[in-house]
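Here is a short note for a colleague opening this entry for the first time. Please read the points with the structure in view.

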Amino acid sequence: LVMGLFAFCGLWMKATRPTLPRAINTHPMMFVLGLFLVATAFTAVVLLHPDVLTYFYIYYGVTVLMVMTTFARVAIFSAFLRILSHS
C-alpha cells in the first residue's frame, strides 16, 4: 500500500509541479507501472489469501495510529502539560 501511494504521489507531483527541481528524472510511465504492479499484488492477496488481510488491517491500523500520533504530537504534549500544570 505504501509503495502504491509512493507511485501515485510521484505521478501526482510530476503532473502538478513539473518545474519542481528533482535530482532524479523518472519517466511518468514508471510510476504508472509501479502503481499497476502494486495493485495487482494487492488484488492477488485479496483473492487468493483473504485470511492474511486480518493481519494486514492490524498492522495498517497500528501504523496509521503511530503516524497520526506523530502529526498530533504538539497538541498531545500541550494537553499533557496543561493537565500537569493544573494538578
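**Notes on the helix pair and the overall fold**

1. Start with the crossing. Helix 1 passes helix 2 in a left-handed crossing. Keep in mind that this is a predicted model.

2. Next, the geometry. Helix 1 covers residues 2-16, and helix 2 covers residues 28-48. The two pack at an angle of about 155 degrees. Their axes lie 8 Å apart. Angles over 145 degrees count as roughly antiparallel, so helix 1 is roughly antiparallel to helix 2.

3. Which residues of helix 1 meet helix 2? They are Met3, Gly4, Phe6, Ala7, Gly10, Leu11 and Lys14. On the side of helix 2, the contact is made by Pro28, Phe31, Val32, Gly34, Leu35 and Val38.

4. The make-up of this contact can be sorted by residue type. Nine of its residues are nonpolar, three are polar and one is charged.

5. Now the whole chain. It holds four helices and zero strands. Along the sequence the pattern reads α-α-α-α.

6. How does the chain's radius of gyration compare with that of a compact globule of 87 residues? Such a globule would have a value near 12 Å, but the chain has 19 Å. The C-alpha atoms fill a box of roughly 60 × 45 × 15 Å along the principal axes.

7. Last, burial. What share of the 87 residues counts as buried? The figure is 6%. Please view it beside the radius of gyration of 19 Å.

Technical notes
Residues numbered from 1 in each chain as written. Predicted model: local features only at pLDDT ≥ 70, side-chain atom pairs only at ≥ 80, totals over all residues. Heavy atoms only, no water. Axes fitted to C-alpha atoms, helices over the stretch in contact; angles between N-to-C directions. Parallel < 35°, antiparallel > 145°, perpendicular 65-115°, else oblique. Left-handed = near helix turned anticlockwise from the far one by under 90°. Contact = heavy atoms within 4.5 Å. Nonpolar A, V, L, I, M, F, W, Y, C, P; charged D, E, K, R; others polar. Rg over C-alpha atoms; globule rule 2.2 N^0.38 Å. Buried < 20%, exposed > 50% of the residue type's maximum accessible area, 1.4 Å probe, protein only.
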